[in-house]
Amino acid sequence: MKKQSFLMVVLTFCVFSQYAFSQETVEKPEKYTAHNKGKIYIYWGGNRETFSKSDIHFKGADYDFTLYDVQAHDKPKGWHMDYINPARMTIPQTNFRIGYFISDHYNISIGFDHMKYVMYNDRRVNYSGYYPNPGDYYENPINDQLTLTEDFLLFEHTDGLNYVNTEFSRVDDISSWFGLPNTDKFQVNVTEGLGGGFIFPKTNTTLLGKDRYDEFHISGYGLSAKAGLNFTFFKHFFIQTEVKGGYINMNNIRTTKDKADSASQDFWFLQSVFTIGGIFRI
């Protein structure tokens, strides 16, 4: 009888222990934001940019000259309805990207950066080379310097300086740095990436009194690097801010309707980017 009681106690203890152990090892449901592999994301937003000085070389049948240390600026619209107007959303300076996570931390994406590059007029610059009828454009060429008058040259990539590129990026969740326990409600990520692609501008140019030219044309290539912060809300929606810099080499810019006329330049750029987007598993 004592032996049976002892066995009953041992059995009861084993059953209770197994039940308690199983209760302790039941895992909590995994958060959607815990893993990124297999997710796709898309975003849209705007940018501001600055450009380094650039030497621009122009050549044609009767001219061949270089302008040195030319300065340019962007052409922002500020906070504007065009960013969300489907009929006009390609007009402002914008960024679009769609990407796929090949692992929890790494993704590959394609997109375009629609920048705008406007040469400053009415500034005096150094130049070398020759062109027809010097002085007829109010540019006052003296001592290897001239003034960039509108009669002499208008030079813009305003529709735009389109950088079509592929990026390879890394993303890391840093929510724990801020004591955020539920990343399915709010998550903070840091992202870095490298990119490269081609330049597909619509260059608006008037040169030496020639007819205006303004058509899309593959003009060169670009390389870039970025770093940013991503703020994800309720698993699927995010705001992303980035700082992006890079190098652009445009060795074949169309300047007039005559294919014999062309220009070339290279420069550095720096962008600040603000976007909104979504992320979903497919």
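Is D74 buried or exposed? Select D74: at 7% relative accessibility, this residue counts as buried. (Buried means under 20% relative accessible area, exposed over 50%, and partly exposed in between, with a 1.4 Å probe and protein chains only.)

The model is predicted: local features need pLDDT of at least 70, side-chain atom pairs count only at pLDDT 80 or more, and totals for chains, interfaces and linings use all residues. Residues are numbered from 1 along each chain as its sequence is written, and side-chain values use heavy atoms, with hydrogens and water left out.

**Salt bridges**

A salt bridge here is a side-chain nitrogen of Lys or Arg within 4 Å of a carboxyl oxygen of Asp or Glu. The count is eleven.

R48 and D74 form a salt bridge, with the closest N and O atoms 2.6 Å apart. R48 lies in strand β1 (residues 39–51) and D74 in the loop between β4 (72–73) and β5 (94–101), so the pair ties together parts 26 residues apart in sequence. Strands (E, at least two residues) and helices (H or I, at least four) are DSSP runs, numbered from the N terminus. R48 is partly exposed, at 44% relative accessible area.

Next, select K244 and D113. Their salt bridge has its closest N and O atoms 2.7 Å apart. K244 sits in strand β13 (residues 237–254) and D113 in strand β6 (residues 106–119), 131 residues apart. K244 and D113 are both buried.

Move to K226 and E167. Their side chains meet in a salt bridge of 2.9 Å, N to O. K226 is in strand β12 (residues 220–233) and E167 in strand β9 (residues 153–173), so the pair ties together parts 59 residues apart in sequence. K226 is buried at 7% relative accessible area; E167 is buried at 2%.

Now show R97, D113, E167, K226, E242 and K244 together. Salt bridges that share partners join them into one network.

**Aromatic rings**

Rings of Phe, Tyr and Trp (its six-membered ring) pair if their centres lie within 6.5 Å; planes under 30 degrees apart are stacked, over 60 edge-to-face, the rest tilted. There are 27 aromatic pairs.

Select Y117 and F155. This pair is edge-to-face: 6.5 Å centre to centre, 90° between the planes. Y117 belongs to strand β6 and F155 to strand β9, 38 residues apart. Y117 is buried at 0% relative accessibility, and F155 is buried at 1% relative accessible area.
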